[in-house]
Each structure stands twice: as C-alpha cells, then as structure tokens.
Amino acid sequence: MPIPEDVTGDEIDKDVRQELQSLPKTLAEDVARNLVMVARLIDEDPEGAYGYSKVALRLASRVAAVREAAGFAAYANQKYSEALAEFRAARRMTGSAELWPVMADCERGLGRPEKALDMAGAPEVHKLDKAGQVEMRLVAAGARRDMDQLDAAIVTLQSSELASNSIQPWTARLRYAYADALLAVGREDEAREWFAKAVEADRDGSTDASDRLAEMDGVEFVDALDEHEGEGDSADVKTAAADADAEAPEVPEAKAAEAEADDSADDDLVDDEGDTECDEQRDEQRDKD
C-alpha cells in the first residue's frame, strides 16, 4: 500500500522503535512507516489502518508491537476473533497484562460476556495501572448490561474513581457509562446529572455526552443542509406557481385567436356572397344588351 512521502517512520514511539532494532535497517524502516499509518488512520479510516497493519504483520510478525497494532486495527473493524488472537500473541511475547481489558472486550464482541466477567476477576487485573483498572471496570459493566443485569452494571461502575472530582483521562468515559447505565433503568434525573458531569470532564470530545444531555433537555438539532433543501423545495413550489400563472392567460388568448379565425371566416363568406351578386348583375346586363 502506498505511504505518503512525509511519513518517515521516526514518528513512532521510542519503545516501538527499540523493538524494531532487531530487524534489518531497511526492513525496520518499512515496518515503522506502516505502523505510523496504522496509528494515523485507525480512528478516521479503520479499514485503511487495517490494510497497513496487515502489511506490517507480513513483514515482522515476530515483533510484539506489530502484533499489538494488528490487534487494535482488527478491533477497530470489529474483527474480534482476529483481534483477540493478535492480542494474545503480543501478550505471550511481552508477558504484560496491559492488553487484558481490551482482550476481555473482544470476548464481549464475540458474544461471551460471561468470559469477560471471569477475566474481570482474574489476578491479571491487579497488575494493571489505574487507567487499565478503570478500563476493566468499564468492560465488566458492559458485560453486565449484555446479560441484562442493569442494576449490577450500575454497582460495578460505582468506585472511588467515579466519585473523585479530579479529572483524569478516563473520567469522562467513566461518568458517561454511569449516566447511560442510570438512564437504562429509568433514573433520568440522576442520569442527567452524570451526563452533565461527563461533559465537564470531556475536554477532547471522546463522548457524545453533550448531545445526550441536550436530548434529555428536549433540544432538537436541525441539520443545516436539510433546512436549505427545504428552502429550495419552497422556492421550486413558488417558481412552479409563477409558471402556472404565466401560462394561465394563454387559454383566453387561444379562444380569442379562434374567435378571430371565425370572424375572418365570416368575412370571407360575406366577400364570397358579394362577389356572387356582382356576377349575377353582369350576366343580366349582358342579356339585355
């Protein structure tokens, strides 16, 4: 797959660059450039990112960072079985538990929420940092909702991280999930409160909390494009009406033309009758002579 010339491969994380040092220099550069493209496209063009990840995987399947990137690209395209296989491979290579929450979420994607809950209670969770533990809590709550255990999902999300006023990278998503869980059981007032708190923490727009809050307040958004289209339709109607009005006078004009034609025909008839009388008079005079 083509890679823009401005992508050099130096943009990748230094830890990944260090992993690629086990490869020949030219090969390492090719792999690095493909990994940069995966990172660049994974949010806006998941399919494109997946394509670059497959190239990197073909070039360096024994590099953990490559297997991890391939896993996230597959995950972004909802290829959960493939993603899980790549995450497991990366974990075997590194021995790290960092991918444990996303592996559990793959189990959810495969329709196995019970397995995701088992993973949420596994010893690997204690090896996660704070961000990883919060992510695991979000996955576990999602699994509870998959199993229609809505109240249990709410309890799962109740934590010191949720109660904290400190804004962390995970705060907006945690508050949003809690608000959504409350709304699912009909606790609308509380849900509105937590959607508002999610908006306060969502500095990079990672959730649609503001839209959900506006929806609960009865605010309707009008698509500007649709509005212009409506105006265009109205203009078309007005134009059509004007055209119809312009055409309307043609009917009496046509009748007038027909009337003129009839009058002309009558005049012709009179002229013909006059010519006939003149001819008869000439004939009578000739006979007298």
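**Pockets, buried residues and salt bridges**

Arg 88, Glu 107 and Arg 112 are linked in a network of salt bridges, a salt bridge being a side-chain nitrogen of Lys or Arg within 4 Å of a carboxyl oxygen of Asp or Glu. By this rule the structure has 15 salt bridges. The model is predicted, so local features need pLDDT of at least 70 and side-chain atom pairs count only at pLDDT 80 or more, while totals for chains, interfaces and linings use all residues. Residues are numbered from 1 along each chain as its sequence is written, and side-chain values use heavy atoms, with hydrogens and water left out.

**Largest pocket**

- The volume of the largest pocket is about 970 Å³. A pocket is an open set of points on a 1 Å grid over the protein atoms alone where a 1.4 Å probe fits, with protein on both sides within 12 Å along at least five of seven lines. Grid points are joined across faces, edges and corners, and the volume is the space filled by probe spheres set on the points.
- Its lining has 32 residues, and Asp 105, Glu 135, Leu 138, Val 139 and Arg 173 lie nearest the centre. A lining residue has an atom within 4 Å of a point.
- At least two lining residues come from each of helix H4 (64–76), helix H6 (100–109), helix H8 (130–146), helix H9 (150–157) and helix H11 (171–184). Helices are DSSP runs (H or I, at least four residues), numbered from the N terminus.
- With eight residues, H8 gives the most to the lining of the largest pocket.
- By class, this lining holds 18 nonpolar, five polar and nine charged residues. Ala, Val, Leu, Ile, Met, Phe, Trp, Tyr, Cys and Pro count as nonpolar, Asp, Glu, Lys and Arg as charged, and the others, Gly among them, as polar.

**Second largest pocket**

- The second largest pocket has a volume of about 430 Å³.
- Of the 20 residues that line the second largest pocket, Val 16, Ala 65, Glu 68, Ala 69 and Phe 72 lie nearest its centre.
- Helix H1 (14–19), helix H2 (25–41), H4 and helix H5 (80–94) each supply at least two residues of this lining, and H4 gives the most, with five.
- The lining of the second largest pocket divides into 13 nonpolar, two polar and five charged residues.

**Buried Thr and Ser residues**

- Thr 156 is in helix H9 and counts as buried at 18% relative accessibility. Buried means under 20% relative accessible area, exposed over 50%, and partly exposed in between (1.4 Å probe, protein chains only).
- Leaving out residues up to four places away in sequence, Thr 156 touches Arg 137, Ala 140, Ala 141 and Arg 144, where contact means heavy atoms within 4.5 Å.
- Thr 156 and Ala 141 are 15 residues apart in sequence, and their C-alpha atoms are 5.7 Å apart.
- The side chain of Thr 156 also reaches the backbone oxygen of Ala 152 at 2.8 Å.
- Ser 159 sits in the loop between H9 and helix H10 (160–163) and is buried, with a relative accessible area of 15%. Not counting residues up to four places away in sequence, Ser 159 touches Arg 137 and Leu 174.
- Ser 53 lies in helix H3 (residues 46–59) and counts as buried at 1% relative accessibility. With residues up to four places away in sequence not counted, Ser 53 touches Val 38, Ala 69, Ala 70 and Ala 73.

- Arg 40 and Asp 6 meet in a salt bridge through their side chains, at 3.8 Å from N to O. This pair links distant parts of the chain, with Arg 40 in helix H2 and Asp 6 in the segment before H1, 34 residues apart. Arg 40 is partly exposed, with a relative accessible area of 42%.
- Glu 124 forms a salt bridge with Arg 91, and their closest N and O atoms are 3.4 Å apart. The two are 33 residues apart and link distant parts of the chain: Glu 124 is in the loop between helix H7 (113–120) and H8, and Arg 91 is in helix H5. Glu 124 is buried at 18% relative accessible area, whereas Arg 91 counts as partly exposed at 24%.
- A salt bridge joins the side chains of Arg 108 and Asp 146 at 2.7 Å, N to O. Arg 108 lies in helix H6 and Asp 146 in helix H8, so the pair ties together parts that are 38 residues apart in sequence. Arg 108 counts as partly exposed at 25% relative accessibility, and Asp 146 counts as partly exposed at 37%.

Terms used: A polar contact is a pair of N or O atoms within 3.5 Å; within protein, one must be able to donate a hydrogen and the other to accept it, and residues adjacent in sequence count only if both atoms are side-chain atoms.
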